[in-house]
Amino acid sequence: MSNHDVMRHVTRWEEYAVDHDQFARFTMGLMLSLRGSVCIYQGEELALPEADVAYEDLVDPYGIQFWPEYKGRDGCRTPMIWEPGPNGGFSEANRTWLPVEPSHLDRSPSAQASNPDSVYHAYKNFLEFRRNHPALVKGQIEVIDTMHNVLAFIRRSESEDILCVFNFNSEDAKWDASRFHGNFEALTGHGFEGHHYEHIVNLPAQSAWFASLQRLEGEETHG
């Protein structure tokens, strides 16, 4: 078993991240746009990194047995922090079952709530965006052939079709949307900086763009 199997995703793929918080927003947008039920693991909405738990503090039998090749599951199971105080506001005990990760304290909900540009608010805003578009919640998915590490797909419901485009690159990318013959309208409210000029979609590094597709006359809907 690889330690990456249970590692927090912002740490698991950090070598590909241009910026920690931007990468957290990017992976959030992707997860909340794909088809299927969504499970947000505690602390993902705060962009919490994997905790660095010392060997003497481990409680996971797998980590204790196979250290240091496999450090176990404790790095993503440390106490949930709520504020940048003692034990992150999780407990008043002198010692918690697992130690609170110091790097988590500055990312507490109370610290991020006052910052409208925080990952915490990015999650809140995108979840609201998702609720407002039934296609993203229960729609079918149609993946579009693309190149150069750009992912594009359409989420289709009975009431709407949403085009979703993601740039996985560490630099800006362009995507040609001319196949849709201009029958799209860019959406707002999702928090990403992608934009279009005529039929060319401009995507900053690890960012996304969303548009509502206009159905042609006689085109069937997909529930």
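Visitor: Let's start with pockets. What volume does the largest pocket have?

Guide: The general idea is that rolling a probe the size of a water molecule over the atoms shows where empty space is left. This is a predicted model, and here the largest pocket comes to about 270 Å³.

Visitor: Which residues lie nearest the centre of that largest pocket?

Guide: Look for Gln 22, Arg 25, Gly 191, Phe 192 and Glu 193, which sit nearest the centre among the 16 residues of the lining. Two elements, H2 and helix H5 (119-131), each give two or more residues to that lining. Sorted by class, the lining holds 6 nonpolar, 7 polar and 3 charged residues.

Visitor: And the second largest pocket: how much space lies in it?

Guide: About 170 Å³. Its lining is made up of Trp 13, Tyr 16, Phe 23, Phe 26, Thr 27, Phe 168, Ser 170 and Gln 206. By class, that gives 5 nonpolar residues, 3 polar ones and no charged ones.

Visitor: Let me step back to the whole chain. How many helices and strands are there?

Guide: You can pick out 6 helices and 8 strands. Going along the sequence, the pattern reads α-α-α-α-α-α-β-β-β-β-β-β-β-β. The C-alpha atoms fill a box of roughly 65 × 35 × 35 Å along the principal axes. Of the chain's 223 residues, 43% count as buried.

Visitor: Now the charged side chains. How many salt bridges does the structure hold?

Guide: Side chains of opposite charge can pair when their charged atoms come close. In this structure there are 7 salt bridges. One of them is between the side chains of Asp 57 and Arg 95, at 3.2 Å from N to O. Asp 57 belongs to the loop between H2 and H3 and Arg 95 to the loop between H3 and H4, so this pair ties together parts that are 38 residues apart in sequence.

Visitor: Which side chain does Arg 73 meet in a salt bridge?

Guide: That would be Asp 60, at 2.7 Å from N to O. Arg 73 is partly exposed, with a relative accessible area of 27%, while Asp 60 is buried at 0%.

Visitor: Where do Arg 131 and Glu 128 lie?

Guide: Both are in helix H5, 3 residues apart, or about one turn of the helix. Arg 131 is exposed at 55% relative accessible area, and Glu 128 is partly exposed at 38%. Elsewhere, salt bridges with shared partners join Glu 142, Arg 156 and Asp 161 into one network.

Visitor: What about the backbone? Which residues does a cis peptide bond join?

Guide: First, the background: most residues other than glycine have a negative phi, and most peptide bonds are trans. Here a cis bond joins Trp 67 and Pro 68, with omega at about 0°. Pro 68 sits in the loop between helix H3 (61-66) and helix H4 (109-112).

Visitor: And where is phi positive in a residue other than glycine?

Guide: Ala 47 is one case, with phi near 60°. You'll find Ala 47 in the loop between helix H2 (20-31) and H3, buried at a relative accessible area of 1%. Asn 149 also has a positive phi, near 60°, and lies in the loop between strand E1 (140-144) and strand E2 (150-156). Asn 149 counts as exposed, at 55% relative accessibility.

Visitor: One last thing, the surface. Which residues form a nonpolar patch there?

Guide: Leu 34, Ile 141 and Val 143 do, with about 220 Å² of accessible area together. Leu 34 is in the loop between H2 and H3, and is partly exposed with a relative accessible area of 31%.

Definitions and conventions:
Residues are numbered from 1 along each chain as its sequence is written. This is a predicted model: local features need pLDDT of at least 70, side-chain atom pairs count only at pLDDT 80 or more; totals for chains, interfaces and linings use all residues. Side-chain values use heavy atoms; hydrogens and water are left out. Helices (H or I, at least four residues) and strands (E, at least two) are DSSP runs, numbered from the N terminus. Buried means under 20% relative accessible area, exposed over 50%, partly exposed in between (1.4 Å probe, protein chains only). Patches are made of residues with over 30% relative accessible area and no salt bridge: like charges are joined within 9 Å, nonpolar side chains (Val, Leu, Ile, Met, Phe, Trp, Tyr) within 5 Å. Accessible areas come from the Shrake-Rupley method with a 1.4 Å probe; for residues, only the protein chains shown count as cover. A salt bridge is a side-chain nitrogen of Lys or Arg within 4 Å of a carboxyl oxygen of Asp or Glu. On a 1 Å grid over the protein atoms alone, a cavity is a set of points where a 1.4 Å probe fits but cannot get out, and a pocket is an open set with protein on both sides within 12 Å along at least five of seven lines; lining residues have an atom within 4 Å of a point. Grid points are joined across faces, edges and corners, and a volume is the space filled by probe spheres set on the points. Ala, Val, Leu, Ile, Met, Phe, Trp, Tyr, Cys and Pro count as nonpolar, Asp, Glu, Lys and Arg as charged, and the others, Gly among them, as polar.
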